[in-house]
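Please look over the structure first.

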Amino acid sequence: LCKTQNMHGMSIVLNYVLFYCLLVPLSLLPMRILYVLSGFICFLLKKVVKYRKKVIVENLRNSFPEKSDSEIEKITNEYYSHLADLLAEAAKMLTISKKQLLKRYKCTNADILLAYKERNQSIILASAHYNNWEYMVASLDMQIPHLGIGVGKRMSNKTFEKLAFQKRTRYGTQVCYADNVRQVMESNVQNKVCCAYMLLSDQSPNDSKKCYWTTFLNQPTAMIYGAEYFAKKYDLPIFFYRTKKVRRGYYEIEFELVTDNPQSTPYGFITESIASKTEDMICKAPQYWLWSHRRWKLKPETQNQ
């Protein structure tokens, strides 16, 4: 028991050393230097490690059956470059200033949310793991009139989760997780706290019995139903936000209303709308979506098991 405790303690110490002695100093470098490192990381991912190449290519081929092998290869190469840039930008996020963050990640129409804030009405902001979602989490509370709350999954490494939480929330955004989002929402409703919940709904659900099935990117797909569930349960207007990469390291987001009367919509309308808008966003610039994720783990035959 003592040996196990000692090993656990050493692991925590090493995580702190890695975070504060490597990642934080790295994040202090100018972006132009980090992008030089990004080029090297891209080479390692693509040529040396061949990071999840089989998954990436299979996902792309199934999603775009009309594209040639050369087109698939081109998107694959562009995706590796984007993924390497995301890693560099994630490192920079640890110490980026408010001014720099808002310069690199801009909301173009946050004013459409003002009417909801004025009547103290919480909302849901739904989107996907497209372009730089970490900048969205870090800047959310500064971009909108509501209290920004990012909803995500817990990390397997609890030490890094704690450290990442501190960095993600330093500019006002709050963060909660799939296992406590119900309690957070219930508490905010009871206390009349006006919030905007950021939900990314494009990942593969964990439970085949608690999802919504639709056709997404030319294949049967299980969709996370949480955005629709919470919108209906608490009567929360729901917006989709599109993320556009203006140039390397610079992004713009734009909100568009899905519905401001969710309880009147038929079952599946909200989830189908989010899926359709996500697909449209991906198809316009596919290299910026998270293709290395095993998105289609669940198959249609499992939904009734």
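A salt bridge here is a side-chain nitrogen of Lys or Arg within 4 Å of a carboxyl oxygen of Asp or Glu. By this rule there are eleven salt bridges. The model is predicted.

**Salt bridges around arginine 154**
- Arginine 154 pairs with glutamate 161, with an N to O distance of 3.1 Å.
- Arginine 154 also forms a salt bridge with aspartate 179, where the closest N and O atoms are 2.7 Å apart.
- Arginine 154 sits in the loop between β3 (147-152) and α8 (158-168), and aspartate 179 in the loop between β4 (174-177) and α9 (181-190), so this pair ties together parts 25 residues apart in sequence.
- Glutamate 161 counts as buried because its relative accessibility is 10%.
- Arginine 154 is partly exposed at 36% relative accessibility.
- Aspartate 179 is partly exposed too, with a relative accessible area of 49%.

**Salt bridges around lysine 277**
- Lysine 277 forms a salt bridge with glutamate 256, and their closest N and O atoms are 2.8 Å apart.
- This pair links distant parts of the chain: lysine 277 belongs to helix α11 (residues 269-284) and glutamate 256 to strand β9 (residues 250-259), 21 residues apart.
- Lysine 277 has 19% relative accessibility, so lysine 277 counts as buried.
- Shared partners join Arg242, Glu256, Lys277, Asp280 and Lys284 into one network of salt bridges.

**Surface patches**
- A patch of positive charge on the surface gathers Arg52, Lys153, Arg294 and Lys297.
- Arginine 52 lies in the loop between α2 (31-48) and α3 (53-63).
- With 32% relative accessibility, arginine 52 is partly exposed.
- Phe40, Phe43, Val48 and Val49 make a nonpolar surface patch of about 410 Å².
- Valine 48 is placed in helix α2.
- Valine 48 counts as exposed because its relative accessibility is 52%, and the cut-off for exposed is over 50%.

**Buried positions**
- Helix α3 has Val55, Ile56, Val57, Asn59, Leu60 and Ser63 buried.
- The cover over these buried residues of α3 includes α4 (69-93) and β7 (219-224).
- Serine 139, in helix α7 (residues 133-143), is buried with a relative accessible area of 0%.
- Beyond its neighbours within four places in sequence, serine 139 is in contact with Leu101, Leu102, Tyr105 and Thr173.

How values were computed:
Residues numbered from 1 in each chain as written. Predicted model: local features only at pLDDT ≥ 70, side-chain atom pairs only at ≥ 80, totals over all residues. Heavy atoms only, no water. Patch = residues over 30% accessible without salt bridge, like charges linked within 9 Å, V, L, I, M, F, W, Y side chains within 5 Å. Areas by Shrake-Rupley, 256 points an atom, 1.4 Å probe, with all protein chains shown as cover. Lys, Arg positive; Asp, Glu negative; His and termini not counted. Charge placed at Lys NZ, Arg CZ, Asp CG, Glu CD. Helix = DSSP H or I, 4+ residues; strand = E, 2+ residues; numbered from the N terminus. Buried < 20%, exposed > 50% of the residue type's maximum accessible area, 1.4 Å probe, protein only. Contact = heavy atoms within 4.5 Å.
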